[in-house]
Amino acid sequence: MDTMRQSLKSAFGYDEFRPLQREIMESSLAGQDVFALLPTGGGKSLCFQLPAILREGLTLVVSPLIALMKDQVSQLETAGIPATFLNSSLGVKETKARLRGLHEGRYRLLYAAPERLLLDHWRENLVSWNITSIAIDEAHCISEWGHDFRPEYRQIARLRGLLPDVPLMALTATATERVREDIIRHLKLKDPQVFVASFNRPNLSYRVLPKDQPLKQIIDFIRARPMDSGIVYCATRATADRVAEGLTDRGFSALPYHAGLTAKERELNQELFIRDETRIMCATIAFGMGINKPNVRWVIHHDLPKNIEGYYQETGRAGRDGLPGDCILLFSAGDAAKQTHFIDEMTNPKEKQIARDQLNLMLHYAECPTCRRRELLHYFAEDYSVPNCAACDNCIQPRETYDATTQAQKLLSCAYRVRQVGRFGVGMNHLIEILTGADTEKIRRWGHDQLTTYGIGKELSRSEWSAVGRELLRSGLLMQESGQFPTISLSPEGLDALRSRRVIMLTKTMAVKKVAAPRAGEIACDETLFDRLRKLRKKLADERAVPAYVIFGDNTLRHMAREYPTKVADLRFIEGISERKQSEFGDAFVAEVGSYLKTYPKVKFA
């Protein structure tokens with residue numbers, strides 16, 4: 001076995017590398033700059049952690065969040081790897097002790113926030129600590145085109161001047177091609193080796209449900225999953241508080257997380273969630289980046305996300321351990337209208353256009369009748385040619401189509417007439433007001449009450465016409481022009497359809513329906529034993545004041561509950577058990593399995 005494989009097994013307990021991990025590590029160890037885009041759960045951290053124990057000197061990890069630093073350092077220490085972090089959560093005495101350890105060369109990895117690294121008195125430290133590699137985690141924070149831009153990240157490029165010969169590694173889970181180029185340019189990566197893994201998360205299932213009594217929908221979903229952890233993402237602090245309170249009142253273990261809480265409250269709530277003391281986090285997007293909790297089994301979006309990148313990253317917090325995860329978006333056109341209103345109030349034209357374009361793409365995803373997985377991957381310029389993913393609502397239960405020729409002709413004709421008489425376009429809302437015969441000041445001023453299409457669409461409500469309009473936009477028969485005032489016009493295909501009066505089939509709007517998506521990647525195991533092993537893990541974690549998954553992940557416990565190891569030596573065949581963890585925890589877990597087998601028989605698996 002080669003050195004890297006040997007270290008992978010002995011230090012981290014894994015037999016095989018995940019896609020691109022080995023190539024990334026080899027490039028880094030060869031002294032090359034690296035840009036690595038691996039999806040959430042794809043093993044980004046290992047790409048700099050394993051080389052850190054194979055090379056001499058200190059690996060500096062630039063990380064944006066205190067929780068992420070503490071979490072990763074706890075896991076490294078549990079695996080017997082000398083690592084530390086420096087941030088504002090430490091007292092003066094503890095900081096001095098860690099600085100002394102760094103000067104004495106006792107650590108292999110140091111985690112620090114970007115703003116701390118650039119303090120004047122740190123320059124001498126950075127030069128004297130024998131830094132042989134720099135890893136920039138969550139590198140998308142550098143780009144203003146990314147979904148989580150942080151100005152302090154822009155200053156990291158100064159490390160290049162301070163340590164010009166030290167190789168840099170930039171890592172992220174979400175970045176379009178434009179954002180990738182931005183990261184490489186701002187970090188001044190020198191002829192970098194670029195690695196882009198598939199964005200596909202095959203263990204995740206995706207569903208979009210029409211929002212209808214959202215608290216009840218959430219309760220109905222989680223009631224069937226009494227042991228699973230999950231996150232409810234909300235658009236506002238008030239909603240996060242309200243949902244958390246509603247769940248708590250009904251006996252569920254739930255807490256809020258948002259910027260309106262004090263730093264201490266946020267840290268406590270996050271810690272309780274990470275340690276499985278509370279099952280459900282009701283949060284704004286302030287929560288989650290870098291949270292390494294592998295056993296989040298579901299993510300629900302109570303409100304429509306602002307963009308697909310954020311949505312992808314947030315759903316990606318489910319199933320990081322490779323086991324099944326459910327991703328549900330509760331969608332209503334009203335949410336889209338609220339966001340459009342906020343965008344209209346923006347004063348910066350460039351920001352307004354970016355926000356509008358991103359919202360339109362998000363709306364397209366929410367309402368598309370095609371494979372959700374294909375739509376997500378297409379956004380990141382990745383082809384997905386599988387005809388049926390079998391793990392999204394549209395593939396499991398395709399929505400019906402209907403003959404919408406009459407309604408489409410009315411809306412297409414209205415858009416055509418407006419352009420014909422006024423030589424200028426109007427927005428979708430104004431077209432719908434014409435069709436439904438609204439008596440508004442604009443309609444009267446522009447003479448649109450004199451059009452032949454005025455009032456011919458009273459058989460449908462405004463929301464129903466909006467759904468037809470979005471379908472016509474998605475099918476390419478209508479076009480929405482970019483700019484401060486997004487006006488609607490006919491495409492050449494739309495004009496042809498209007499003139500030829502051909503049949504136009506549209507997809508029916510989503511109806512409230514229950515779809516049981518198969519849980520891809522499920523590891524069949526003895527569920528009763530799995531529950532006992534999970535309780536033992538919690539006890540051991542509490543004794544050490546670390547999150548449960550620092551001991552073992554759910555994946556490892558499920559394999560144990562399938563293989564029934566009764567000797568410590570049997571554990572070496574189970575994924576995720578390093579030599580250090582086998583030595584420290586092996587006796588307790590095989591004893592639990594042995595105790596269980598005195599009462600219950602083994603279950604046979606196919």
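Mentor: Start with a network of salt bridges that links Lys539, Glu543, Arg544, Arg580 and Glu584. A salt bridge is a side-chain nitrogen of Lys or Arg within 4 Å of a carboxyl oxygen of Asp or Glu. This is a predicted model, in which local features need pLDDT of at least 70 and side-chain atom pairs count only at pLDDT 80 or more, while totals for chains, interfaces and linings use all residues. Residues are numbered from 1 along each chain as its sequence is written, and side-chain values use heavy atoms, leaving out hydrogens and water.

Trainee: Which residues form a salt bridge with Glu543?

Mentor: Lys539 does, with the closest N and O atoms 3.0 Å apart, and so does Arg544, at 3.6 Å. Glu543 and Lys539 are four residues apart in helix α23 (residues 527-544), so about one helical turn separates them. Helices (H or I, at least four residues) and strands (E, at least two) are DSSP runs, numbered from the N terminus.

Trainee: Is Glu543 buried or exposed?

Mentor: Buried means under 20% relative accessible area, exposed over 50%, partly exposed in between (1.4 Å probe, protein chains only). Glu543 counts as exposed at 51%, whereas Lys539 is partly exposed at 48%.

Trainee: In what order do the strands of the open sheet stand?

Mentor: Strands pair if DSSP finds at least two bridges between them. Here seven strands, paired in parallel, follow the order β3-β4-β2-β5-β6-β1-β7. β3 (83-86) and β7 (193-196) are at the edges with a single partner strand each, so one side of each has no neighbour in the sheet.
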